[in-house]
Amino acid sequence: RERASGSFDSTDEPNDSNGETEAKGEEVEETLLLMRMANKIIRRRKRKTYEQLQILIKEFQANPEWSKDNMQEVSQKTGLSEAQVYKWGWDQKRKMNDPTHDIHDELRMYKKHMEEDTAKKSACSKITLPSSSKKQ
């Protein structure tokens, strides 16, 4: 029953001895939480390939002040999004102000890590697991 103020009296709610109303409330909260989690984008970091880095470095050394057209061109050459290209260029400009930073040293280190990763992957692929043989 509705009061004069427009609100319902708590005694007017159905008496739920099974706890269905409470369970439904929890279910709704859980659904809302899952929906919020689904809306968040979960991204994993994907490293740029050695070839992409070579292109980025070459273009950056030719002209560190990239225009929108330059970024589109580099994006097409590398297969990266314009946002990725912009962010990489931005980071490089910041590193240019760091006197201890050497872009070629960074590229050498990256190549070394890529070679180590490749060696690890090839070593893992050579491992053979014993197959379970069933008696027939």
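With which residue does lysine 77 form a salt bridge? The partner is glutamate 73, and the closest N and O atoms are 3.4 Å apart. A salt bridge here is a side-chain nitrogen of Lys or Arg within 4 Å of a carboxyl oxygen of Asp or Glu. The model is predicted, so local features need pLDDT of at least 70 and side-chain atom pairs count only at pLDDT 80 or more, while totals for chains, interfaces and linings use all residues. Residues are numbered from 1 along each chain as its sequence is written, and side-chain values use heavy atoms, with hydrogens and water left out.

Lysine 77 and glutamate 73 are 4 residues apart in helix α3, a separation of about one helical turn. Helices (H or I, at least four residues) are DSSP runs, numbered from the N terminus. An α-helix has 3.6 residues a turn, so residues three or four places apart point the same way. Lysine 77 is partly exposed at 43% relative accessibility, and glutamate 73 is partly exposed at 38%. The classes are buried (under 20% relative accessible area), exposed (over 50%) and partly exposed (in between), with a 1.4 Å probe and protein chains only. Glu59 joins Glu73 and Lys77 in a network of salt bridges.

The whole structure holds 5 salt bridges. In one of them, the side chains of glutamate 82 and lysine 68 meet at 3.1 Å, N to O. Glutamate 82 lies in helix α4 and lysine 68 in helix α3, so this pair ties together parts 14 residues apart in sequence. Glutamate 82 is partly exposed at 29% relative accessibility. Lysine 68 is exposed at 53%. Another salt bridge pairs lysine 87 with aspartate 91, with the closest N and O atoms 2.9 Å apart. Both residues lie in α4, 4 residues apart, or about one turn of the helix. Lysine 87 is partly exposed at 45%, as is aspartate 91 at 26%.

Helix α3 spans residues 68-78, and its buried residues are Met71, Val74, Ser75 and Thr78. They sit on the same side of α3 because they cover an arc of only 105° around the axis. The arc is taken from the directions from the helix axis to the C-beta atoms. Asp69 and Gln76 are exposed on the other side. The buried residues of α3 pack against α2 (50-62) and α4 (82-96). Glycine 79 follows α3, with a positive phi near 80°.

The largest nonpolar core has 11 residues: Leu53, Leu56, Ile57, Phe60, Trp66, Met71, Val74, Leu80, Val85, Trp88 and Tyr110. Such a core is a set of buried Ala, Val, Leu, Ile, Met, Phe, Trp, Tyr and Cys residues joined through side-chain atoms within 4.5 Å. At least two residues of this core come from each of α2, α3 and α4. The largest share, 4 residues, comes from α2. Valine 85 touches Leu56, Trp66, Met71, Val74, Ser75, Thr78 and Leu80, not counting residues up to four places away in sequence. Contact means heavy atoms within 4.5 Å.

Glutamine 92 lies in helix α4. Its relative accessible area is 3%, so glutamine 92 is buried. Glutamine 92 and isoleucine 57 are 35 residues apart in sequence and 9.1 Å apart in space, C-alpha to C-alpha.
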